[in-house]
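Trainee: I'd like to learn how to read strands and helices. Can you walk me through this one?

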Amino acid sequence: MKRVSLADVARAAGVGKATASRALSGRDEVGEATRARIAEIAETMGYQPHRGAQALRTGRFGVLAISVPLDDDAAGDLLRSAASAAAARGYQLLVVAAEATGPSTSALRSLSVDGILVVGTDIGGLGVPTVTMSTADGDIPTRTAEAVALLLEHVETSAAAGR
């Protein structure tokens with residue numbers, strides 16, 4: 001099955017591709033009635049924005065990575081909590097399994113993500129906002145949600161600074 005493109009939506013709506021793009025991204029240059037009509041057509045057709053194209057335009061991926069040792073007893077709770085907290089803010093979560101000795105710095109540096117939550121070993125110099133947390137104590141779901149919120153604050157600050 002062929003992916004529905006922005007051009008397909010524009011053609012069905014009888015508008016140009018730029019107008020469809022502006023309408024779906026919520027820009028002011030498109031009237032409310034036109035925006036609503038294009039949004040309805042896009043939904044009916046099953047249109048999903050192309051994340052790669054969005055990343056090229058915005059410099060953001062909409063993806064957070066979490067590096068977690070899968071042998072950690074709290075890994076399941078941690079992953080569920082991180083995925084839920086990320087999704088609540090419009091992000092997808094990429095899981096990177098860490099070795100018992102810690103995550104591979106080179107593997108983490110190669111990811112196309114907006115930020116990385118590292119569980120366990122404190123590492124730095126990854127080139128993207130990074131937060132490290134431990135599962136040693138405390139309520140894992142609450143602490144994970146707080147760590148994701150802190151990571152997203154760093155992501156927003158970094159984006160505002162143009163990094």
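Mentor: Buried means under 20% relative accessible area, exposed over 50%, and partly exposed in between, with a 1.4 Å probe and protein chains only. Helices (H or I, at least four residues) and strands (E, at least two) are DSSP runs, numbered from the N terminus. This is a predicted model, where local features need pLDDT of at least 70, side-chain atom pairs count only at pLDDT 80 or more, and totals for chains, interfaces and linings use all residues. Residues are numbered from 1 along each chain as its sequence is written, and side-chain values use heavy atoms, leaving out hydrogens and water.

Trainee: Which residues point one way from β3, and which the other way?

Mentor: In a regular strand, side chains alternate between the two faces of the sheet. Here Gly 115, Leu 117 and Val 119 point one way, Ile 116 and Val 118 the other, and all are buried.

Trainee: Which strand does β3 join over four bridges, running parallel?

Mentor: That's β4, residues 130–133, where Thr 132 stands opposite Val 118. Strands pair if DSSP finds at least two bridges between them.

Trainee: And how do I read a helix?

Mentor: An α-helix has 3.6 residues a turn, so residues three or four places apart point the same way. In α3, Arg 35, Ile 38, Ile 41 and Ala 42 are buried. They cover an arc of only 130° around the axis (taken from the directions from the helix axis to the C-beta atoms), which puts them on the same side of α3. Exposed residues on the other side include Glu 32 and Glu 40.
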